[in-house]
Amino acid sequence: MEYIDAKSIVNRTKDPRWFGAEYNMNIYRGCPHGCIYCDSRSDCYQNSSFDQVRAKRDALRIIRDDLERKAKTGVVSTGSMSDPYNPFEEELLLTRRALTLLEAYGFGAAIATKSDLITRDIDVLSSIQRSMPVICKLTLTTCSDPLAAKLEPRAPSPSRRLAALERLSRAGLFTGVLMMPILPFLEDSPDNIRQIVDRAADAGARFIYPAMGMTCRAGQREFFYRQLELCFPGQGLAERYRRRYGDRYLCTSPRARELWALFQDQCRRRGLLCSMSRIIAASRRGCGMDQLSLF
């Protein structure tokens, strides 16, 4: 494991409307999952060695000092730039110990991951949720293990993620699915959307938050197109993207309107939340923030 320096780790978010998180925390830099569509490969993030995982030196002391300086507690998000449950975390325990610091200082947690290792920390997350919101978000863009093996070659399979979602839900944690990105021409079918909603609901998910498309910009775009040609030879997918989207940042599915209608209808049928405001409100029910809001 290579370590890099950091001055601070827990920082104010630019948009607290994203799952109600006031702060953001990334203990690791880089990700080993190899997802061919990952926005964090973009040049603007200046991480040319994105597939190499590096931990921030003295991370736990920095996190403790950051939390001590905060004038106001709130929800701390993690997983925006690198998965907090990469394989090294199993031994390093940096994410787990950071969660215990959040609990000690009275902060909540919003975690985004593709790893079933999150279930290891059910005890800490349950303890945090007694007084502050906890939101567990498992990314799921397809329920097909073979397709995911091409798109997310070193990430735990969708089957493992759904099993993790079920364990988290049974433990009483507020758990759901990040259904993003949905790759045009590969995942934007009614059957795929319907299957994700149904499998998530069967596993006990409380919410699904979607994006019917993907983002694409310099650095990421070139890598994505190369991988499309390698993973789906002879299908002309890269050229199809170039013709339709050019240099656009937002690559919305041509079927977005149809898929949104189907998705919302299916969520209603299965009792799943799918709007950000309702997800945030539901995450705060039954914890200390909900009681405090009464006063």
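Strand E9 and strand E10 (residues 207-210) run parallel and are joined by four bridges. The model described here is a predicted one. Strand E8 (residues 134-139) also runs parallel to E9, again through four bridges, and Thr139 stands opposite Leu178 in E9.

These strands belong to an open sheet of seven strands, in the order E2-E3-E6-E7-E8-E9-E10 and with mixed pairing. Strand E2 (10-12) and E10 are the edge strands, each pairing on one side only. From one strand to the next, the twist averages 25°. At the E2 end of the order, E2 and strand E3 (residues 21-25) pair in the antiparallel sense over three bridges, and the bridge partner of Arg12 is Tyr23 in E3.

Helix H3 lies across E3, strand E6 (75-78) and strand E7 (108-113), and runs at about 155° to E7. Helix H6 (residues 158-170) touches E8 and E9, and its direction makes about 150° with that of E9.

Strand E9 (residues 175-179) is largely enclosed by the rest of the structure, because five of its five residues are buried. Beyond its neighbours within four places in sequence, Val177 is in contact with Leu138, Leu140, Leu165, Ile196, Ala200, Phe207, Ile208 and Tyr209. Between Val177 and Ser40, the separation is 137 residues in sequence and 20 Å in space, C-alpha to C-alpha.

A second open sheet is formed by three strands in the order E1-E5-E4, with mixed pairing. Strand E1 (2-4) and strand E4 (28-29) stand at its edges with a single partner strand each, so one side of each has no neighbour in the sheet. Three bridges pair E1 with strand E5 (residues 54-56) in the parallel sense, and Glu2 has Arg54 in E5 as its bridge partner.

Two helix pairs can be set side by side. Two packed helices are described by the angle between their axes and the distance between the axes.

| Helix pair | Angle | Axis distance | Crossing |
|---|---|---|---|
| H7 (residues 190-202) and H10 (residues 256-270) | about 20° | 10 Å | right-handed |
| H1 (residues 59-69) and H3 (residues 94-104) | roughly 20° | within 10 Å | right-handed |

The angle of about 20° between H7 and H10 is under 35 degrees, and these helices are therefore roughly parallel to each other. On the H7 side of the contact are Pro190, Ile193, Arg194, Val197, Asp198, Ala201 and Asp202, which meet Glu258, Leu259, Leu262, Phe263, Gln266, Cys267 and Arg270 in H10. The residues of this contact divide into eight nonpolar, one polar and five charged.

In the other pair, the axes of H1 and H3 cross at roughly 20°, which makes H1 roughly parallel to H3. Leu60, Ile63, Arg64 and Leu67 in H1 meet Leu94, Arg97, Ala98, Leu101 and Leu102 in H3. Seven nonpolar and two charged residues make up the contact of H1 with H3, and no polar ones.

Key: Residues are numbered from 1 along each chain as its sequence is written. This is a predicted model: local features need pLDDT of at least 70, side-chain atom pairs count only at pLDDT 80 or more; totals for chains, interfaces and linings use all residues. Side-chain values use heavy atoms; hydrogens and water are left out. Two strands pair if DSSP finds at least two bridges between them. Helices (H or I, at least four residues) and strands (E, at least two) are DSSP runs, numbered from the N terminus. Axes are lines fitted to C-alpha atoms, for helices over the stretch in contact, and angles run from 0 to 180 degrees between N-to-C directions. Angles under 35 degrees count as roughly parallel, over 145 as roughly antiparallel, 65 to 115 as roughly perpendicular and the rest as oblique. A crossing is left-handed if the near helix is turned anticlockwise from the far one by less than a right angle, and right-handed if clockwise. Contact means heavy atoms within 4.5 Å. Ala, Val, Leu, Ile, Met, Phe, Trp, Tyr, Cys and Pro count as nonpolar, Asp, Glu, Lys and Arg as charged, and the others, Gly among them, as polar. Buried means under 20% relative accessible area, exposed over 50%, partly exposed in between (1.4 Å probe, protein chains only).
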